[in-house]
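Please open the structure in the viewer and keep the selection panel at hand.

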Amino acid sequence: MRTPNLPDSDFAPHGPLDVYATSITAADVAAMESFLAARLDEVGARYQATAPETRIAQSLYETAGFQFDQLKDTLTSSPDRETLRERLNIWNGLVHALQPWRGTPGHDGERWRLMTWADETTAVQARRRSAQRQGTT
């Protein structure tokens with residue numbers, strides 16, 4: 001994709017390494033959805049339905065809405081490793097999508113951070129492999 005002429009919003013910050021995709025809840029998803037819906041409502045109230053700004057907001061709504069639905073589908077009580085990996089990737093995509101609003105009222109910058117690991121087991125295994133490669137086991 002061609003890089004659009006938009007201001008750089010920087011990369012979303014990483015959260016603590018001991019916060020895993022297993023910690024994502026339905027309340028987290030609902031908070032993100034509510035925040036984005038409020039921002040999109042602001043656009044809808046300000047511009048006509050056929051304005052380019054409204055169309056861009058509609059595109060974001062459709063794209064993010066699909067991702068929110070996918071994320072909710074991963075919130076099962078006993079997710080397998082693949083489901084947790086999917087949850088992690090979708091979460092991180094949504095965190096990136098909300099990055100331009102970081103620092104604005106309602107944006108939960110402490111919670112809405114990138115996650116590195118799906119669960120504690122994956123993190124421990126990765127650290128163990130790294131130590132083995134470095135010969136510090």
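Select Leu 36, Leu 60, Ala 64, Phe 68, Leu 94, Ala 97 and Leu 98, which line the largest cavity. The coordinates come from a predicted model. The space in this largest cavity is about 30 Å³, and the count of cavities of 30 Å³ or more comes to one. Colour the lining by class: seven residues are nonpolar, with no polar and no charged residues. Next, display α2 (52-73) and α3 (81-98), each of which supplies at least two residues of that lining.

**The pair α2 and α3**

Keep α2 and α3 on screen and view their axes, which come within 9 Å and cross at roughly 150 degrees. Angles over 145 degrees count as roughly antiparallel, and α2 and α3 are therefore roughly antiparallel to each other. The handedness of the crossing of α2 and α3 is left-handed.

For the contact itself, select Ala 64, Gln 67, Phe 68, Gln 70 and Leu 71 on α2. Sorted by class, the contact of α2 with α3 has six nonpolar, three polar and one charged residues.

**The pair α1 and α3**

Now bring in helix α1, residues 26-46, whose axis comes within 12 Å of that of α3 and crosses it at roughly 30 degrees. At this angle, α1 is roughly parallel to α3. The crossing of α1 and α3 is left-handed.

Select Asp 28, Met 32, Phe 35 and Leu 36 on α1, together with Trp 91, Leu 94, Val 95 and Leu 98 on α3, to display the contact. By class, this contact of α1 with α3 comprises seven nonpolar, no polar and one charged residues.

At what angle do α1 and α2 pack? The angle is about 170 degrees, and the axes of α1 and α2 are 10 Å apart. These two helices, α1 and α2, are therefore roughly antiparallel to each other.

On α1, select Val 29, Met 32, Glu 33, Leu 36, Leu 40 and Val 43. Facing them in the contact, α2 contributes Glu 53, Thr 54, Ala 57, Leu 60, Tyr 61, Ala 64, Phe 68, Leu 71 and Lys 72. Coloured by class, the contact of α1 with α2 shows 11 nonpolar, one polar and three charged residues.

Conventions. Residues are numbered from 1 along each chain as its sequence is written. This is a predicted model: local features need pLDDT of at least 70, side-chain atom pairs count only at pLDDT 80 or more; totals for chains, interfaces and linings use all residues. Side-chain values use heavy atoms; hydrogens and water are left out. On a 1 Å grid over the protein atoms alone, a cavity is a set of points where a 1.4 Å probe fits but cannot get out, and a pocket is an open set with protein on both sides within 12 Å along at least five of seven lines; lining residues have an atom within 4 Å of a point. Grid points are joined across faces, edges and corners, and a volume is the space filled by probe spheres set on the points. Helices (H or I, at least four residues) and strands (E, at least two) are DSSP runs, numbered from the N terminus. Ala, Val, Leu, Ile, Met, Phe, Trp, Tyr, Cys and Pro count as nonpolar, Asp, Glu, Lys and Arg as charged, and the others, Gly among them, as polar. Axes are lines fitted to C-alpha atoms, for helices over the stretch in contact, and angles run from 0 to 180 degrees between N-to-C directions. Angles under 35 degrees count as roughly parallel, over 145 as roughly antiparallel, 65 to 115 as roughly perpendicular and the rest as oblique. A crossing is left-handed if the near helix is turned anticlockwise from the far one by less than a right angle, and right-handed if clockwise. Contact means heavy atoms within 4.5 Å.
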